[in-house]
Amino acid sequence: MNLSFLIPAIILLVGAAAANMLRNLVHCVLALTLAFAGFALLYFGLGAEFLGLVQLLVYVGAVAILIAFTVLLTGGGTAGEQTVLSPRWLQGFLLAGAMFLLLGYGISKSRFTAHAATSVRSYPVSLIGDALITSYALPLEMLGVLLTVATIGGVVLAIREPRQASQSVKVDQ
Amino acid sequence: MSSIQLADQIFVLLKHWLVGRVPVSLQPVVGILITVIPIICVFPALFAITTILERKGLGRIQNRYGPNRTGPFGILQPLADGVKALTKEDIVPANADKVVHFFAPVVLVMLVFLAYAVLPMGRNMAAVDLDCGVLFFFAIGSGTEVAVFMAGWSSRNKYALLGAMRAIAQMISYEIPLILSAVAAIMIAGTLNLQQIVTQQAGYSGIFPHWYVFTPWGFAAFLLFIISATAESNRSPFDLPEGESEIIAGYYIEYSGFKFALFFLGEYLGMFSISAIAITLFLGGWAAPFSFLTWVPSWLWFFAKLVTMILCFIWVRGTLPRLRQDQLMNFAWKFMLPMALVVLTSAACWRYTEGWQRWAISFLVVIIPYSWLGHGMMSNRKLEQRKYRFAE
Amino acid sequence: MLGGGILKGLAVTARNVVEGFVSKERLTTVQYPEERVPQVEATRDFPFLVFDGEDPMAGLRCVACQICEKECPPKCIYIDKSSDKKPDATGKPQFYPARFDIDISVCMSCQICVEVCPFEAIKMDVEFELSTNDRFDDLLYDKHKLAKSNEYYNHVHPTEAAAVDTKLAVERAKAAARAAAAAQPKPAAVSPAPESGAQA
């Protein structure tokens with residue numbers, strides 16, 4: 001349990017807990033961003049530089065902003081600050097406890113042991129590139145297709161609205 | 001070691017000597033401090049020089065003198081500005097979110113300074129020699145958007161929020177051409193390590209350097225990169241989010257005094273770091289432009305190129321009018337993104353061909369889509385006599 | 001070609017910078033307190049009262065007719081008529097202003113007071129460096145401060161002053177001729193009684 005694990009873990013836990021417990025939704029988003037940054041630090045500690053930087057680039061740079069935009073567009077930013085404890089806290093607690101037990105059981109039965117964290121090697125990024133092009137080429141292509149579909153879907157969603165608006169104007173006349 | 005090499009490596013040798021004088025247990029910490037403290041001192045000093053350079057430069061462009069009362073030729077103006085920023089009252093709106101309002105400039109400046117860690121300012125003079133330095137830089141750069149959002153939202157001001165949304169939309173849109181044009185250089189260099197990218201460009205054929213900007217795809221990629229860099233650092237002509245005549249400073253409306261100075265510092269430092277990356281990726285980093293000039297120290301070349309790029313930024317600011325939000329988004333998605341993909345194709349053609357054919361093919365692959373897209377963009381403008389419709 | 005206009009613009013600004021160092025015509029800025037742009041003759045700032053001769057108060061052309069006070073749009077002129085009369089330049093006894101104050105913080109330099117004055121007594125000055133530390137008292141100019149000589153008027157507005165001087169000279173010559181003509185026919189008016197009755 002050395003410092004390079006402890007500090008990112010604390011940041012991550014504090015951010016995640018704050019994301020659940022803060023009253024103002026935008027504060028929650030910012031706390032979630034902190035949790036993402038903690039994740040990236042954990043990846044750095046494990047020697048996965050590339051993955052940590054991509055986590056920062058994608059999650060902190062894009063996903064957090066996306067969540068913030070969504071919160072603001074759906075009126076969460078100006079909504080009244082609600083209480084943190086909901087009336088059905090007992091059901092939630094039981095469900096979360098069951099989930100925790102299940103995950104804990106799964107992790108304890110896995111092959112990961114505590115000794116694996118002592119020596120950390122960082123691999124050059126070119127190895128990841130080689131692997132993506134050769135042994136993982138199919139997942140890479142599927143990712144490309146998925147991203148293209150998502151982009152086209154986004155464009156279609158954005159385009160459809162003005163056409164509907166103009167069509168409705170014609171119907172009225 | 002010859003005197004040329006001594007001059008070139010003088011800071012590295014100084015650092016090693018100082019670290020050697022300290023007891024072994026303290027050496028890592030002292031080493032880090034000695035690397036970091038000059039960066040924290042030099043770049044804000046460059047920022048101060050840039051503010052006076054910009055004001056005088058803009059003044060000369062606009063047929064007037066810049067500030068010339070404080071000190072001879074106005075050299076002490078940054079000092080006056082600094083005193084003003086420090087002694088101004090720090091006003092926080094009563095409705096504002098105090099914690100977020102406080103942390104927004106802190107986060108911004110912290111992230112911007114962090115990006116300086118991977119810049120190779122001379123031979124062997126990068127603070128941290130990361131294997132994926134370029135990715136680090138862009139990851140940190142995308143973190144600044146969170147700081148902008150924090151600043152805009154915490155002020156509880158409609159105009160601040162609007163300015164922040166516009167700024168974020170602009171930054172996100174221009175990140176894609178930025179990264180894609182950098183990818184072209186990375187593709188040819190074959191590595192994400194910034195020092196290695198520079199050493200790849202440090203060769204000479206005859207007296208001419210191997211800089212990527214002197215190749216067809218490199219020139220196009222360089223132009224795309226600096227246009228996107230201007231947009232990323234919210235600088236004219238892309239400064240709608242912070243235009244003084246538009247939205248009165250956008251997301252930092254509610255900041256005064258030192259916090260405003262921090263935003264200003266963050267913006268300029270961001271401009272410097274992105275120019276430094278452009279220099280590293282395309283302009284050969286710390287390499288000399290001609291083979292007979294290699295006796296000049298490498299860090300001197302780096303800073304000379306940086307100052308030249310800053311002057312070009314100032315020149316462009318004084319020349320071009322501001323772009324409207326829809327115009328700049330149009331430009332990013334409909335012109336820069338296709339051009340970035342075309343440049344990638346051109347770089348790929350360059351990689352797999354030889355001799356004079358590679359120049360011809362690469363050039364054609366860039367220039368034909370450029371004229372076609374450019375023609376398409378220019379014909380969309382309906383520049384005709386304005387017709388007015390009056391209410392009946 | 002897309003981008004051609006930008007390059008032309010950059011060339012223009014570069015020319016501005018380079019030529020600004022060599023030719024004064026390109027860099028048209030004037031370093032204000034040390035150098036001044038020469039003022040045109042028709043410059044106007046705030047009014048002043050013209051006096052003829054040496055003594056400011058005795059030679060003041062103003063007869064306190066109060067037309068300018070009534071016509072002034074922001075009502076910044078305050079006049080108190082005197083109770084006695086003194087002779088003016090043609091010798092005719094006229095009233096004079098016991099108090100003539102202009103509040104230049106209110107004055108909007110519209111020149112209406114100058115246009116309506118029948119006696120060419122108030123004209124527009126050209127001084128603009130008038131800032132003071134006291135916003136109220138120091139910006140209320142009394143007649144001593146407002147009185148400036150005709151020579152000064154000729155100095156700041158030569159053409160206008162020359163025209164005014166000619167006009168006044170003609171008027172005064174006519175007045176003098178009338179006075180001389182009125183002085184002369186007194187002995188001849190004694191003789192025919194119905195003519196003198198018709199004339200009177």
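Biologist: How many residues does the contact take from chain A and from chain B?

Modeller: In this predicted model, α2 (25-45) and α3 (49-73) of chain A each supply at least two residues of the side of chain A that touches chain B. The contact as a whole takes 16 residues from chain A and 16 residues from chain B.

Biologist: Which element gives the most to the side of chain A that touches chain B?

Modeller: The residues on this side of chain A divide into 13 nonpolar, 2 polar and 1 charged. With 11 residues, the element that gives the most is α3(A).

Biologist: Is α3(A) roughly parallel or roughly antiparallel to α6(B)?

Modeller: The axes of α3(A) and helix α6 (residues 133-154) of chain B come within 9 Å and cross at roughly 20 degrees. Angles under 35 degrees count as roughly parallel, and those over 145 as roughly antiparallel. Therefore α3(A) and α6(B) are roughly parallel.

Biologist: What is the make-up by class of the contact of α3(A) with α6(B)?

Modeller: The crossing of these two helices is left-handed. Residues of α3(A) including A:Phe50, A:Leu53 and A:Ile65 meet residues of α6(B), among them B:Phe136, B:Glu145 and B:Phe149. By class, the contact has 15 nonpolar, 3 polar and 1 charged residues.

Biologist: How many residues does the contact between chain C and chain B take from each chain, and what are the classes on the side of chain C?

Modeller: The contact takes 13 residues from chain C and 13 residues from chain B. The side of chain C that touches chain B has 6 nonpolar, 6 polar and 1 charged residues.

Biologist: Within chain B, is α7(B) roughly parallel or roughly antiparallel to α9(B)?

Modeller: Helix α7 (residues 158-189) and helix α9 (residues 216-232) of chain B have their axes 8 Å apart and pack at an angle of about 155 degrees. Since angles over 145 degrees count as roughly antiparallel, the arrangement of α7(B) and α9(B) is roughly antiparallel.

Biologist: What is the handedness of the crossing of α7(B) and α9(B)?

Modeller: The contact involves B:Tyr174, B:Ser181 and B:Ala185, among others of α7(B), and residues of α9(B) including B:Trp217, B:Ala221 and B:Phe225. The crossing itself is left-handed.

Biologist: How many residues has the largest nonpolar core?

Modeller: Those with the most contacts inside this core are B:Ala164, B:Ala221, B:Phe225, B:Ala278, B:Phe282 and B:Val343. Not counting residues up to four places away in sequence, B:Ala221 touches B:Ser181, B:Ala184, B:Ala185, B:Phe282 and B:Val343. The number of residues in the largest nonpolar core is 123.

Methods
Residues are numbered from 1 along each chain as its sequence is written. Chains are lettered from A and ligands numbered from 1 in the order in which they are written. This is a predicted model: local features need pLDDT of at least 70, side-chain atom pairs count only at pLDDT 80 or more; totals for chains, interfaces and linings use all residues. Two residues are in contact if their C-beta atoms, placed from the backbone, lie within 7 Å. Helices (H or I, at least four residues) and strands (E, at least two) are DSSP runs, numbered from the N terminus. Ala, Val, Leu, Ile, Met, Phe, Trp, Tyr, Cys and Pro count as nonpolar, Asp, Glu, Lys and Arg as charged, and the others, Gly among them, as polar. A nonpolar core is a set of buried Ala, Val, Leu, Ile, Met, Phe, Trp, Tyr and Cys residues joined through C-beta atoms within 7 Å. A residue is buried if 20 or more other C-beta atoms lie within 10 Å of its own, exposed if 12 or fewer, and partly exposed in between; C-beta atoms are placed from the backbone. Axes are lines fitted to C-alpha atoms, for helices over the stretch in contact, and angles run from 0 to 180 degrees between N-to-C directions. Angles under 35 degrees count as roughly parallel, over 145 as roughly antiparallel, 65 to 115 as roughly perpendicular and the rest as oblique. A crossing is left-handed if the near helix is turned anticlockwise from the far one by less than a right angle, and right-handed if clockwise.
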